[in-house]
Amino acid sequence: MPEPEPEGTILAFDFGAKRIGVATGESLLCSAHPLTVIEAESNAERLAAIGRLIAEWRPVLLVVGLPCHVDGTPHEMTRLATKFGERLQKHFGLPLAYADERLTSLDAAARLRETGRDSRSAKPLLDAVAAQLILQTWFESPSHVIPARSAA
């Protein structure tokens with residue numbers, strides 16, 4: 001039997017080599033919202049920024065988007081996102097889940113274009129909106145969720 005969904009605030013991450021999009025949502029409302037984008041060079045700077053968000057939002061769960069090819073096969077970013085998730089779990093000691101993030105960046109770009117933004121004005125928001133879509137996927141489609149213990 002699957003574990004019950006934790007109740008409370010959830011932080012979701014769209015991991016990227018240069019930027020990490022962050023979104024937040026409440027499990028009881030099942031609604032996600034873009035929060036911020038972390039642009040930091042080192043892992044220590046990234047973890048410090050995430051630590052500040054965790055202290056402020058006090059999440060009960062962290063969700064990391066797991067990128068893969070359209071057919072579901074993993075690639076190098078899959079490995080890096082999994083490593084990022086493992087680092088978060090080890091550093092902060094919070095429960096972790098992975099969510100399918102196929103095509104979320106394309107969807108985020110399309111949604112931002114619909115608001116009238118060009119690619120230049122949308123770029124600072126793109127990763128946070130992608131994180132929002134990852135979290136919304138997690139809320140709406142538990143079948144797309146990949147538990148942390150089997151993501152490696």
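With a relative accessibility of 44%, Arg79 counts as partly exposed. The model examined in these exercises is predicted.

**Exercise 1.** Determine which residue forms a salt bridge with Arg79, and where the two residues lie.

*Solution.* 
Step 1. A salt bridge requires a side-chain nitrogen of Lys or Arg within 4 Å of a carboxyl oxygen of Asp or Glu.
Step 2. The partner of Arg79 is Glu76, and their closest N and O atoms are 2.6 Å apart.
Step 3. Both residues belong to helix H2 (residues 76-92), where they are 3 residues apart, about one turn of the helix.
Step 4. Glu76 is partly exposed, at 44% relative accessibility.

**Exercise 2.** State how many salt bridges a search of the whole structure finds, and describe the one that involves Arg19.

*Solution.* 
Step 1. The search of the whole structure gives 2 salt bridges.
Step 2. In one of them, the side chain of Arg19 meets that of Asp127, with an N to O distance of 2.6 Å.
Step 3. Arg19 is located in the loop between strand E1 (9-14) and strand E2 (20-26), while Asp127 is in helix H4 (residues 119-140); the pair therefore ties together parts that are 108 residues apart in sequence.
Step 4. Buried means under 20% relative accessible area. Asp127, at 10%, is buried, whereas Arg19, at 24%, is partly exposed.

Notes: Residues are numbered from 1 along each chain as its sequence is written. This is a predicted model: local features need pLDDT of at least 70, side-chain atom pairs count only at pLDDT 80 or more; totals for chains, interfaces and linings use all residues. Side-chain values use heavy atoms; hydrogens and water are left out. Helices (H or I, at least four residues) and strands (E, at least two) are DSSP runs, numbered from the N terminus. Buried means under 20% relative accessible area, exposed over 50%, partly exposed in between (1.4 Å probe, protein chains only).
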